[in-house]
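Here are my notes on the model. Please read them beside the structure.

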Amino acid sequence: MPRAYTPSVTRSPAPAAPSSAALSPRDRSVIVLLLISAFVVILNETILSVALPPIMDDLDLAETTAQWLTTGFMLTMAVVIPITGFLMGRFSTRQVFAIAMTTFTAGTLICAVSPAFLPLLLGRIVQASGTAIMMPLLMTTVMNLVPPSRHGQVMGNISIVISVAPALGPTLSGLILSFAPWRFLFVLVLPIAVAALAIGLRRIENVSEADPKPADALSVLLSAVGFGPLVYGLTGISGGGHGGAAEAPSGPPVAALVALAVGVVALALFVLRQLRLQRHERALLDLRTFASRNFAVAVGLMVVMMGSMFGVVVLLPIFLQRVLELSTLSVGLMMLPGGLAMGLLAPFVGRLFDRVGPRPLLLPGLAAVVVGIGIMSRVPEQAWLIVVGHVVMSLGLAFVFTPLMTTAMGSLPRRLYPHGSAIVGTVQQVAGAAGAALMVSVMARVAAGTTAGGATELAGISAGTSAAFTISAVLGLVTVAIALFIRRNPADAGDRPVEAGPAEPEETAAPT
């Protein structure tokens with residue numbers, strides 16, 4: 001029978017840890033193992049970014065075909081992440097970890113032995129399925145085990161994984177490809193994944209037990225038909241701008257527009273379905289998370305910030321390689337200082353968050369992001385100045401990621417942690433795809449107009465990149481305004497269990 005949704009009910013059998021006490025050895029071991037496993041799977045997400053040319057040469061692929069190795073990964077993430085909230089409610093901690101790492105390991109093995117494109121694409125899709133589960137699992141477990149007064153400190157460690165692993169990916173890939181074939185990108189990751197899986201299955205203990213309930217088949221279908229085509233449409237809608245700067249880009253591809261329309265309609269139906277099912281505690285993705293003001297504002301801020309940041313991430317390597325004619329290894333090394341700076345600063349930011357709350361960190365952090373993008377918007381030919389701009393932006397992001405994620409998740413009652421982490425992950429994928437599509441489209445159109453006026457193609461790309469970065473900086477200013485509405489969660493300021501916080505009464509007022 002469906003249970004009534006009351007603030008006093010919580011699914012996790014483990015009581016909230018006293019905020020004044022250190023983590024137990026069991027809890028610390030679980031978090032460390034999940035951090036290591038998450039680092040491995042996220043590192044793999046970007047490790048292929050500079051390997052596409054060698055793969056194209058070896059497998060005789062066109063660029064449009066090879067791009068599916070990254071596009072397919074993103075689409076799979078967008079489809080799988082929304083169902084992770086249900087998985088973490090349906091299965092125990094150890095079971096969800098086993099599903100994630102076994103899937104990722106199997107995908108890595110398939111990629112390592114793939115003789116052709118289709119098996120390689122299949123391996124990437126399988127890898128992405130495991131990756132999509134791991135980060136929500138890590139965030140949910142941390143929120144369940146760590147007392148509110150230490151959320152920032154531990155979330156700072158998660159920020160190291162989120163920032164350093166993607167930054168190391170291109171650099172590590174460039175180093176490996178300098179002396180080994182592209183398959184070694186997966187061969188070297190495989191034993192690490194196997195070791196993480198084996199150790200995790202032996203050491204990870206359940207911090208929540210399975211709550212057997214069937215998945216709503218229609219919700220799963222609408223989620224897949226909604227988020228998958230939506231991300232595909234967003235990534236493909238700027239496809240008309242890839243034809244070169246010499247010609248004005250044509251309109252968006254018809255297939256991308258159709259996919260976008262299908263995704264929007266399916267997501268509207270998905271939302272209506274969840275609002276109905278959550279009355280009976282059967283929602284695949286519980287939307288009562290948005291009853292928390294802090295969560296809703298943080299997610300809105302994340303949409304704008306991720307869109308702005310992903311536009312920079314996509315366009316900067318294009319500018320560095322095509323205009324400055326730098327090698328892929330050089331580009332990877334240039335991106336490394338920013339990622340390392342963000343990772344090194346993250347633990348300090350986490351501890352500071354526990355003392356002062358989110359707004360004193362978000363406002364200067366977002367301002368630094370705007371300044372960093374502003375420096376890069378001048379697209380200077382001096383590579384060192386681009387590195388400076390990227391480092392400034394990365395340092396700003398270090399002051400943003402931890403407070404934003406901690407405030408969003410900390411504003412929810414424990415039972416909604418899995419759904420909150422799934423929503424955060426989904427927003428990152430969709431907003432990133434939208435931001436990249438917008439920035440690429442702006443760059444292509446400005447470049448076309450510049451070259452039509454008689455400038456060279458490289459000058460057109462430079463002008464287009466500058467215009468796109470300028471828009472990204474303006475979007476960054478919008479995030480500063482949104483951050484003014486963020487408040488400190490009362491539970492994060494005192495030594496109280498999370499269930500005692502005011503987020504619980506807020507939950508009862510949620511729309512149904």
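1. Is Gln127 buried or exposed? Gln127 is buried, because its relative accessibility is 0% (buried means under 20% relative accessible area, exposed over 50%, partly exposed in between, with a 1.4 Å probe and protein chains only). Gln127 sits in helix α7, residues 117-145 (helices are DSSP runs of H or I, at least four residues, numbered from the N terminus). Leaving out residues up to four places away in sequence, Gln127 touches Asn44, Phe73, Phe104, Gly107, Thr108, Cys111 and Phe186 (contact: heavy atoms within 4.5 Å).

2. A note on the basis. This is a predicted model, where local features need pLDDT of at least 70 and side-chain atom pairs count only at pLDDT 80 or more, while totals for chains, interfaces and linings use all residues. Residues are numbered from 1 along each chain as its sequence is written, and side-chain values use heavy atoms, without hydrogens and water.

3. Helix α13 (residues 293-322) packs with helix α15 (residues 359-377) at about 25°, axes 12 Å apart. Axes are lines fitted to C-alpha atoms over the stretch in contact, and angles run from 0 to 180 degrees between N-to-C directions. So α13 is roughly parallel to α15 (angles under 35 degrees).

4. On the α13 side, Leu301, Met305, Ser308, Val312 and Leu316 meet Leu366, Ile373 and Met376 of α15. The residues of this contact are seven nonpolar, one polar and no charged (Ala, Val, Leu, Ile, Met, Phe, Trp, Tyr, Cys and Pro count as nonpolar, Asp, Glu, Lys and Arg as charged, the others as polar).

5. Pro413 lies in the loop between α16 (383-410) and α17 (417-452). Pro413 is buried, at 3% relative accessible area. Pro413 and Thr289 are 124 residues apart in sequence, yet 8.7 Å apart C-alpha to C-alpha.

Technical notes: Helices (H or I, at least four residues) and strands (E, at least two) are DSSP runs, numbered from the N terminus. Angles under 35 degrees count as roughly parallel, over 145 as roughly antiparallel, 65 to 115 as roughly perpendicular and the rest as oblique.
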